[in-house]
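Work through the exercises below with the sequence and the 3D structure at hand. Try each task before you read its solution.

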Amino acid sequence: MIGRRLVNGAEATGVAADDRGLQYGDGLFETMAAVDGRIRHFGLHLARLEDSCRRLRIPMPATSLLEQDCSRVLEGLGAATVKLILTRGPGPRSYRPPAEPTVTRIVTSSAGRPRSDQAPLTLRVCRTRLGSNPLLAGMKHLNRLEQVMACAEWNDPEIEEGLMLSLDGRLICATAANLFIVRSGRLLTPDLRDCGVAGVMRGLVLQAAEQLQIPVSVEDLQSESLAEADEVFITNAVAGLRPVGEVLGVGRWNEGEITRALSSHVARMDG
């Protein structure tokens with residue numbers, strides 16, 4: 001169920017035809033989980049958004065405006081998903097950014113979907129590769145065609161996600177989640193230096209591992225790394241930490257002790 005939709009603080013269902021977010025994907029977004037009308041880890045989402053605005057030279061709206069918009073779209077909802085989009089706003093037909101952009105804020109909500117089945121996920125490896133661009137790496141910008149094309153590769157409801165590789169064959173992420181593997185008691189996650197999104201939940205898992213004194217390595221991982229893994233899981237801000245039971249054609253795993261420990265610890269972290 002779709003909740004409320006706000007554009008620049010007003011009820012609306014669309015944006016201007018010349019908005020640069022629509023014309024060029026010139027913008028950023030955050031997808032956030034809310035419980036009891038409160039967004040989890042809202043400060044971390046805003047911190048990433050502010051850093052990405054700085055990198056793209058998009059003026060960051062006042063935190064009070066974003067807080068107000070998010071609170072309004074959550075009215076009447078308990079568990080929900082909130083999507084916050086910032087674009088560089090309307091402008092003339094030109095790739096060149098306007099000298100003084102008028103930022104567009106879009107905030108929408110939808111009722112949370114209960115997850116009754118917590119069984120380990122089945123994944124596949126996608127043929128679509130992620131392009132290399134260190135300038136954009138780590139950010140949640142609006143250019144998501146690689147993920148769209150990857151998700152178009154299958155329609156089997158038993159496959160919940162797809163893993164994506166870089167152009168040179170490194171494991172990077174799932175289409176909408178970060179990837180972790182456990183090998184010989186050590187937590188490994190891909191280096192995102194030139195592609196991929198540095199997820200909020202990814203950061204929380206790395207923090208939790210440090211607090212639990214689990215050795216961590218952020219490094220280049222190849223497809224062969226999955227076959228050598230003892231445990232595999234993926235993360236995002238809405239679904240949290242989800243164990244992977246199988247990557248088709250690669251391997252199968254049971255939910256392990258480190259995955260369970262991290263999941264339990266992250267669930268208790270303040271946010």
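The model is predicted, so local features need pLDDT of at least 70 and side-chain atom pairs count only at pLDDT 80 or more, while totals for chains, interfaces and linings use all residues. Residues are numbered from 1 along each chain as its sequence is written, and side-chain values use heavy atoms, with hydrogens and water left out.

**Exercise 1. Find which residue forms a salt bridge with R54, and state where the two lie.**

Step 1. Side chains of opposite charge can pair when their charged atoms come close. The criterion for a salt bridge is a side-chain nitrogen of Lys or Arg within 4 Å of a carboxyl oxygen of Asp or Glu. The whole structure has 15 salt bridges.

Step 2. The partner of R54 is D51, with 2.5 Å between the closest N and O atoms.

Step 3. Both R54 and D51 belong to helix α2 (residues 42–56), three residues apart, which is about one turn of the helix. Helices (H or I, at least four residues) and strands (E, at least two) are DSSP runs, numbered from the N terminus.

Step 4. Relative accessible area sorts residues into buried (under 20%), exposed (over 50%) and partly exposed (in between), using a 1.4 Å probe and protein chains only. R54 has 56% and is exposed, whereas D51 has 31% and is partly exposed.

**Exercise 2. Describe the salt bridge between R183 and E228.**

Step 1. The N to O distance in this pair is 3.2 Å.

Step 2. The bridge links distant parts of the chain, 45 residues apart: R183 is in strand β10 (residues 177–183), and E228 is in the loop between α6 (223–227) and β14 (231–236).

Step 3. R183 is partly exposed at 25%, and E228 is partly exposed at 46%.

**Exercise 3. Give the phi values of S184 and Q213, and locate both residues.**

Step 1. S184 is not a glycine, although its phi is positive, about 55°. S184 sits in the loop between β10 and β11 (186–190) and is exposed at 70%.

Step 2. Q213, also a residue other than glycine, has a positive phi near 60°. Q213 sits in the loop between α5 (200–211) and β12 (216–219) and is exposed at 71%.

**Exercise 4. Which residues line the largest cavity, and how do they divide by class?**

Step 1. On a 1 Å grid over the protein atoms alone, a cavity is a set of points where a 1.4 Å probe fits but cannot get out; lining residues have an atom within 4 Å of a point.

Step 2. There is one cavity of 30 Å³ or more.

Step 3. The lining consists of L28, F29, E30, R48, L49, S52, M139 and K140. β3 (27–35) and α2 each supply at least two of the lining residues.

Step 4. By class, the lining has four nonpolar residues (from Ala, Val, Leu, Ile, Met, Phe, Trp, Tyr, Cys and Pro), three charged ones (from Asp, Glu, Lys and Arg) and one polar residue (from the others, Gly among them).

Definitions and conventions. On a 1 Å grid over the protein atoms alone, a cavity is a set of points where a 1.4 Å probe fits but cannot get out, and a pocket is an open set with protein on both sides within 12 Å along at least five of seven lines; lining residues have an atom within 4 Å of a point. Grid points are joined across faces, edges and corners, and a volume is the space filled by probe spheres set on the points.
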